[in-house]
Amino acid sequence: MPLAGVIESMSKTLSFKPGDIIMREGDRGGDGFYILESGSFEVIKQGVKIREVIIAGTIFGEMSDILGQARSCTIVAKTPCSVTHITQ
């Protein structure tokens, strides 16, 4: 199978509305990582907003996936956003 086909079979595009939780702090990693396609999200750690992400192409969730550790923060859609979820 060509590389493009392999990547396509491992990914799906998800849409979120403002306020939707994309991933939750403390959840077990290992289910893949995400790439922001459009929109923006907030990064919240222990109930405190620490960052807003607006740059398409930003990858998130990869460290807990690689290390098999719990998610270190919650990601909440700030605007309507689209992300690609890459699974294993």
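E42 is buried, with a relative accessible area of 19% (buried means under 20% relative accessible area, exposed over 50%, and partly exposed in between, using a 1.4 Å probe and protein chains only). Its salt-bridge partner is K49, with the closest N and O atoms 3.4 Å apart; a salt bridge here is a side-chain nitrogen of Lys or Arg within 4 Å of a carboxyl oxygen of Asp or Glu. K49 itself is partly exposed, at 43%. This is a predicted model, where local features need pLDDT of at least 70, side-chain atom pairs count only at pLDDT 80 or more, and totals for chains, interfaces and linings use all residues. Residues are numbered from 1 along each chain as its sequence is written, and side-chain values use heavy atoms, with hydrogens and water left out.

By the salt-bridge rule, the count comes to four. Another of these pairs K78 with E52, at 2.9 Å between the closest N and O atoms. K78 sits in the loop between β7 and β8 (81-86) and E52 in strand β5 (residues 48-53), so the bridge ties together parts 26 residues apart in sequence (strands are DSSP runs of E, at least two residues, and helices are runs of H or I, at least four, numbered from the N terminus). Salt bridges with shared partners join E42, K49, E52 and K78 into one network. Both K78, at 37%, and E52, at 33%, are partly exposed.

Then there is D31, which meets R71 in a salt bridge (2.5 Å, N to O). This pair links distant parts of the chain, 40 residues apart: D31 is in the loop between β2 (21-23) and β3 (33-38), and R71 in the loop between α2 (62-67) and β7 (74-77). D31 is partly exposed at 38%, whereas R71 is buried at 4%.
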